[in-house]
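Welcome! Take a look at it, try each task, and then compare your steps with the solution.

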Amino acid sequence: MKKIHYREWGIESLRYWGLLAVLGVFLAIGGLATLYMEHEGHWVTGMNNQIVWGVPHVFAIFLIAAASGALNIAAFGSVFGKKVYRSLGRLSGLLAMALLVGGLLVLVLDLGQPGRLIVAMTTYNIKSIFSWNIYLYVGFLAIVAIYLFTMMERKANKYYPAAGLVAFVWRLVLTTGTGSIFGFLVARQGYGAAIMAPMFIIMSFAYGMAIYLLVLLFTFKLDDRPIGDGLLMRLKNLLGIFVAAVFYFVMIYHLSNLYGTENHEYEAFILRDGGIYTTLFWVGWVFLGMVLPMGILFHPGSGRSRGAIVVASILVILGGFTAMYVIVVGGQVFPMAIFPGKVIVESGFYDGVNGQVLYYAPSLPEFLLGLGGVAVALTATFVGVRVLKFLPESLADEVVDPHHG
Amino acid sequence: MSQDIDQERRQFVSVAGLAAAATVVAPGAFLLDGSAEAGSRREPAVDKVRYGMFIDTTKCADGCTECVTACEKENGIDLLRMPEGADPEEWDRQRPRWMRTVKVKDRLTGRVSNLPMMCQHCEHPPCVDVCPTGASFRRADGIVMVDRHICIGCRYCMMACPYKARSFIHENVDQQLSIAPRGKGCVESCNFCVHRRDNGENTTACQDACSHGAIVFGDLNDSNSEVSKVLREKDNTQLRADLKLNTSVRYCGI
């Protein structure tokens, strides 16, 4: 392995500013959508007193999960001593921070009282997983910043392995916290399962990796920097394995649910009778988000094509959004079992009369806020690689030597 | 001569000073006066008392909404208006409800019961566990409620409540009652008419309104209270007893 040289993203000014202008449009529209929702109140969204978390949470939780996943590449280099990934570590850290900031912004701007963020930062209920998450998220940003410093500053290089280990453990705890937001909810049929935490961790591996691959290929392509086939094959194989692991966890989650009679109705809803939710589960999450990308990535022909790897990564990301929608919204539209053994035949407050699922139709401003969060993450990433030395000059196989650890 | 003037001046200054001090302090002194109708408002809630409710669904009449109407009037929920341009159907899903009526049918026997649903005031409330800021809290006297000064509107309590008892304020609030402050972007729910507790009154609005005598409210810790007596007498149950939340609202006849 040769010495790796890093250089700022050197694409032409016009292209760079054009890219930022496009992202700026999304940022502006997202900002306006937020102002509209906060000024009017949440009645202008599709959310209601039954479906209290909507599309903004789908985006926020996806981005937060992907953030911790994007850090894995760096961890492979420092914690697991895989030298080939070391050259990829800087972008990995930057992307992790950018995605987390994007996700947190969406989460905070969807609060009923976003102006009270200071209350959330100063008044804690230590029993709440949300409180822990505030520490975990802020801590993540600080630790990854230090980790990046140990990578980029020669004098701090000696602390690189220690910082890498702390960052990796922290990211595992962080995603455990994100999964536990649902895992700790005993009230709803679709949640309250310990498997939620590890499932979210493995989902974060897949989504973070897919985003990482796309950003890497995009930034290198635009700047005419080489990425060796050997390295790319390793990365795409990792993505395939992560997606397979998600598949395994989803299967176990539903199989263990199916074993208990009390969960049969919920499982029937998600897997068979849930209309749009069933379609999203099978077509969006399982087929487009897992089966098809696995097929593309592991097929001897398409697995070698860069175009196909890009398509597979996009599919994994879309599948990830669908997964979050099925978990977040699907888990809420299914009526709660307030009266086990009885059916509600009339209700003054939408309790799921005769087992009917509850209603949620996402509104445009919710999507725009979510896309604004994605734009924040991408803008931070592109500005970062432009002004600082995050990207290696070359990832050609003869430089990084992907076949030797 | 000059000494006399000085004396007068001194007297004037001291009288004026006293008057000014009285003007500033007096309103505060009146506020601090614990007599008259201030009642238990000055006393902190104590755990000697545990407020609770018994609901006899066998007395609950089909189609009756007296309790719901009274609750909405008492707590100013009826003052909320649909925002201009809102879809009435969607608004109905978004407007708050502290209390609702539900009709349930047993899947096997087909037996039908009518009952009012509201916050069950759990001893171990999941909404309090999950609230990041502690805005969702349980008073020493067992009342579970939201401190709307520190509620950030995250709605995690609504995700956690097994009874769907909570509502989020989706719209701007232009009219409200001082006894039930309300703000856009905060969560709220039944608080056993907590203002009445603090004013030393013994009933809730729903109990007063129920012409069928289906609702009995009182102190569960006082073995002589009406609610304790009726709970001893009549078979009763908790909703979702499997969650072991030890609710303060108990139902009979379901």
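**Exercise 1. A helix and its neighbours**

Work out how the length of helix α1 in chain A compares with the expected span, and find what its buried residues pack against.

*Solution.* Keep in mind that this model is predicted.

Step 1: α1 of chain A covers residues 13–40, which makes 28 residues. From first C-alpha to last, the helix reaches 40 Å, close to the 40 Å expected at 1.5 Å a residue.

Step 2: Pick out the buried residues of α1(A): A:Leu23, A:Gly30, A:Ala33, A:Thr34 and A:Met37. As background, an α-helix has 3.6 residues a turn, so residues three or four places apart point the same way.

Step 3: Follow those buried residues to their partners, which are α5 (89–109) and α14 (364–387) of chain A.

Step 4: Look just past the end of α1(A), where A:Gly41 has a positive phi of about 105°.

**Exercise 2. The whole of chain A**

Decide how compact chain A is for a globular protein of its length.

*Solution.* Step 1: Count the elements of chain A, and you get 15 helices and 3 strands.

Step 1: Buried residues make up 50% of chain A, and its C-alpha trace spans about 70 × 45 × 40 Å along the principal axes. Among contacts in chain A with a separation of 6 or more, 78% link residues 24 or more positions apart.

**Exercise 3. Where the two chains meet**

Find which element of chain B gives the largest share of the side that touches chain A, and trace its strand partners.

*Solution.* Step 1: Start with the totals: 40 residues of chain A are in contact with 49 residues of chain B. The largest share of chain B's side, 7 residues, belongs to β2(B). That side consists of 26 nonpolar, 9 polar and 14 charged residues.

Step 2: Check the cover: 5 of the 7 residues of β2(B) are buried.

Definitions and conventions: Residues numbered from 1 in each chain as written. Chains lettered and ligands numbered in written order. Predicted model: local features only at pLDDT ≥ 70, side-chain atom pairs only at ≥ 80, totals over all residues. Helix = DSSP H or I, 4+ residues; strand = E, 2+ residues; numbered from the N terminus. Rg over C-alpha atoms; globule rule 2.2 N^0.38 Å. Buried ≥ 20, exposed ≤ 12 C-beta atoms within 10 Å, placed from the backbone. Contact = placed C-beta atoms within 7 Å. Expected span 1.5 Å × (residues − 1). Nonpolar A, V, L, I, M, F, W, Y, C, P; charged D, E, K, R; others polar. Pairing = 2+ DSSP bridges.
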